[in-house]
Amino acid sequence: MKRILEVLGTVLLVVGGVGVVRELTDGWFAFMGVTRVVVEHLPLLRDSPLFAHVLLAVTGFGLLMTADREGGRG
């Protein structure tokens, strides 16, 4: 379970961080298009993509912290 949380948390943190960079540079980095796909398919987040990417990054960070706590048990 720890490994799944680590992988999912890392993916969300990277996608969220890349999305924030992409939004702040006004789409200058075209190769970071995966972030646009994530946000545009959710109607609730379509109007505020910067918030959506920050939310993805924070969720990924939270998953990584949860995986770290789970690894400490035992």
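Trainee: What makes Glu6 buried, exposed or partly exposed?
Mentor: Keep in mind that this is a predicted model. Glu6 has a relative accessible area of 24%. Buried means under 20% and exposed means over 50%, so Glu6 lands in between and is called partly exposed.

Trainee: And what is Arg3 called, buried or exposed?
Mentor: Arg3 has a relative accessible area of 61%. The cut-off for exposed is over 50%, so Arg3 counts as exposed. Lys2, at 34% relative accessibility, is partly exposed.

Trainee: Why is the pair Lys2 and Glu6 called a salt bridge?
Mentor: Their closest N and O atoms are 3.7 Å apart. The rule asks for a Lys or Arg side-chain nitrogen within 4 Å of a carboxyl oxygen of Asp or Glu, so this pair qualifies. In general, side chains of opposite charge can pair when their charged atoms come close.

Trainee: Where do Lys2 and Glu6 sit in the chain?
Mentor: Both are in helix H1 (residues 2-24), four residues apart, which means about one helical turn separates them.

Trainee: How do you know that Glu6 also pairs with Arg3?
Mentor: Here the closest N and O atoms are 3.4 Å apart, and the limit is 4 Å, so it's a salt bridge too. Glu6 and Arg3 are three residues apart in helix H1. Together, Lys2, Arg3 and Glu6 are linked in a network of salt bridges.

Trainee: How many helices and strands are in the chain?
Mentor: Three helices and zero strands.

How values were computed. Residues numbered from 1 in each chain as written. Predicted model: local features only at pLDDT ≥ 70, side-chain atom pairs only at ≥ 80, totals over all residues. Heavy atoms only, no water. Helix = DSSP H or I, 4+ residues; strand = E, 2+ residues; numbered from the N terminus. Buried < 20%, exposed > 50% of the residue type's maximum accessible area, 1.4 Å probe, protein only.
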